[in-house]
Amino acid sequence: MSSLAGKQGPRYRHTADDGAPYETIAVEKLTPIIGAEISGVDIGRLVSDDARSNQQMDEIHRALAENLVIFFRDQQITPKQHLAFGRKFGELHFHPAAPHEDEDPALMKIYADKNSPRANGEGWHSDVSCDLEPPMGSILYIKQCPPRGGDTLFANMYAAYEALSDRMKAYLDGLTALHDGEPIYRGLYANYGVADRPSYPSAEHPVVRTHPVTAKKALYVNRGFTRHINGIPRDESDAMLAYLYQHAENPLFQCRFRWTENAIAFWDNRCTQHRAMWDYWPHTRSGTRVTVKGERPV
Ligand code: SIN
């Protein structure tokens, strides 16, 4: 694990993004760097479009931009309300491989029990970054939790970028990397009876992307999908990616969410990575994810 400790205080100094106070929601930060729990919101009601909900929606947008991942507890929502909440942020994304609920192809199943060969999202990644236009955000609703464990970790990729040295930032400037779904997705969901597609998405994206809402730069390579950096020798790319992954996984940039039944996490894939813990076998963890379309990274 890399150390950011300096002799004169921390090398990475986070400047808080605390804007104006909120009027229609309460925002409790999990750490100074990433994550906040939101209260005062009933998502089932919010998706019915009255004036109050418009102001709440604006504040939820702002809370997401300021905290990168936001959490809502004790939400009783139907699949239709889950989908409607996602649509408030944009068109919905269809996963290129994962199984979905029968009601709607945009309702991705998140499920692991004692018979599962694996659980979703066990390595650090940004969702479907192999798409040409990867999803902007993901909204995960967990309905059944194990008695302990099953947390999700989230990491701030603005902070990971900012903490790089100026020389490293200059080196990465203008580089692109290949993100490929093929090695991950082929055969991955066979246990759910999902047949493989002839091919899976792959795309080249900048190693450092600029967020379309905040205009901040974020590191955009991840262990799950990134295969190599373009235009440099393969051994240099392997070494550089190994360094960047290790750097991005520093716990300083992270928060860890302990789920309770009927909680929701909404993360921005453009500036975060996440990793789910499968430490609860043989128990069951189950829910659904709605994913919102994004734009081509620049
Ligand atoms: C994922 O969407 O990557 C799964 C996250 C989780 O199950 O916590």
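Predicted model: local features only at pLDDT ≥ 70, side-chain atom pairs only at ≥ 80, totals over all residues.

**A close look at the salt bridges**

Modeller: Let's begin with R62, which forms a salt bridge with E66; their closest N and O atoms are 3.2 Å apart. Both belong to helix α2 (residues 51-67), and because they are four residues apart there, about one helical turn separates them. R62 is partly exposed, at 24% relative accessibility. E66, at 15%, counts as buried, because the cut-off for that is under 20%.

Now look at D127 and R289, another salt bridge, with 3.2 Å between the closest N and O atoms. D127 sits in the loop between β4 (108-112) and β5 (137-144), while R289 is in strand β15 (residues 285-292), so this pair ties together parts that are 162 residues apart in sequence. Both D127 and R289 are buried.

Next come E182 and R186, whose side chains meet in a salt bridge at 2.3 Å, N to O. E182 is partly exposed at 25% relative accessibility, and R186 is partly exposed too, at 34%.

There's also a network of salt bridges, linking R209, D268, R270 and E295. One of its members, D268, has another neighbour to look at: its backbone oxygen lies 2.6 Å from a polar atom of the T272 side chain. T272 is found in strand β14 (residues 272-276) and is buried, with a relative accessible area of 2%. Among the residues T272 touches are I34, L68 and W267.

Note on methods: Residues numbered from 1 in each chain as written. Heavy atoms only, no water. Helix = DSSP H or I, 4+ residues; strand = E, 2+ residues; numbered from the N terminus. Buried < 20%, exposed > 50% of the residue type's maximum accessible area, 1.4 Å probe, protein only. Polar contact = N/O pair within 3.5 Å; in protein donor to acceptor, adjacent residues only side chain to side chain. Contact = heavy atoms within 4.5 Å. Salt bridge = Lys/Arg side-chain N within 4 Å of Asp/Glu carboxyl O. Lists of a residue's contacts leave out its neighbours within four places in sequence.
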